Amino acid sequence: MLIGILSDTHGYFHPAIPDYLSGVDLILHAGDIGTTSILDQLEALAPTRAVWGNVDGQDIRHRTEKHMRIKYAGLKFWMTHIAGHQKAWQRNMDKQLAVEPPDIFICGHSHILRVERVKSLGNMLYINPGAAGRQGFHQVKTCLRLKIEAGKAKQVEVVHLDEK
């Protein structure tokens, strides 16, 4: 199984996204989508699940969730837009995660690419894919490809979208 993960497109569909996400089994967008056309374009590439972010309007909020919890490929996923990270959780995410930690937690908002294990939460895999859009302070537009085999996260590939 291969999952494409991105966030913070802010209404910009990078022309390299189809090169990397076409044919994946699932696309996950961690919020600040920007326009519904982004969802439409992602859904044309692969089944897509998304959460809304703080800049997303009602049109996107009607098509997405604030928090998405799913079981997929034998793993428990939790995705939301604003969460912080293990050294600075926001909105009591650490307490919420401690109740039932997922195997993989995905968030966006910071525009800072971060992939790490969180030992205090059962070695949960934390993923922030950075930002795939043009707005924000990030210097490199990114998305990720997560390979899952036999119910385990085996490999995370960081894609620098501007290098295509």
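Trainee: Before we start, what does contact mean here?

Mentor: Contact means heavy atoms within 4.5 Å. Keep in mind too that this is a predicted model.

Trainee: Got it! So which residues does Asp32 touch, leaving out those up to four places away in sequence?

Mentor: Asp32 touches Asp8, Thr9, His10, Trp52, Gly53, Asn54, Val55, Asp56 and His81.

Trainee: And where is Asp32 found?

Mentor: Look at the loop between β2 (26-29) and α2 (36-45); Asp32 is found there.

Trainee: Is Asp32 buried or exposed?

Mentor: Asp32 is buried, and yet has no salt bridge.

Trainee: Which side chain of opposite charge is nearest to Asp32?

Mentor: That is Arg61, which is 7.0 Å away. A salt bridge needs a side-chain nitrogen of Lys or Arg within 4 Å of a carboxyl oxygen of Asp or Glu.

Trainee: OK, new topic. How many salt bridges does the count come to?

Mentor: The count comes to seven. Among them is the one between Asp40 and Arg63, where the closest N and O atoms are 2.9 Å apart. Asp40 lies in helix α2 and Arg63 in the loop between α3 (58-61) and β4 (67-72), so this pair ties together parts that are 23 residues apart in sequence.

Trainee: Which other residue is linked with Asp40 and Arg63 in a network of salt bridges?

Mentor: Glu43 is the other member of that network. The side chains of Glu43 and Arg63 meet in a salt bridge, at 3.1 Å from N to O. This pair also links distant parts of the chain, with Glu43 in helix α2 and Arg63 in the loop between α3 and β4, 20 residues apart.

Trainee: What does Glu65 form a salt bridge with?

Mentor: With Arg49, and the closest N and O atoms are 3.0 Å apart. Glu65 sits in the loop between α3 and β4, while Arg49 belongs to strand β3 (residues 48-50), 16 residues apart.

Trainee: Last one, away from charges: which residues form a nonpolar patch on the surface?

Mentor: Leu113, Val115 and Val158 do, with about 200 Å² of accessible area together. Val115 lies in strand β9 (residues 113-118) and counts as partly exposed, at 35% relative accessibility.

Trainee: Thanks, I'll go and find them!

Methods: Residues are numbered from 1 along each chain as its sequence is written. This is a predicted model: local features need pLDDT of at least 70, side-chain atom pairs count only at pLDDT 80 or more; totals for chains, interfaces and linings use all residues. Side-chain values use heavy atoms; hydrogens and water are left out. Patches are made of residues with over 30% relative accessible area and no salt bridge: like charges are joined within 9 Å, nonpolar side chains (Val, Leu, Ile, Met, Phe, Trp, Tyr) within 5 Å. Accessible areas come from the Shrake-Rupley method with a 1.4 Å probe; for residues, only the protein chains shown count as cover. Helices (H or I, at least four residues) and strands (E, at least two) are DSSP runs, numbered from the N terminus. Buried means under 20% relative accessible area, exposed over 50%, partly exposed in between (1.4 Å probe, protein chains only). Lys and Arg count as positive and Asp and Glu as negative; His and the chain ends are not counted.
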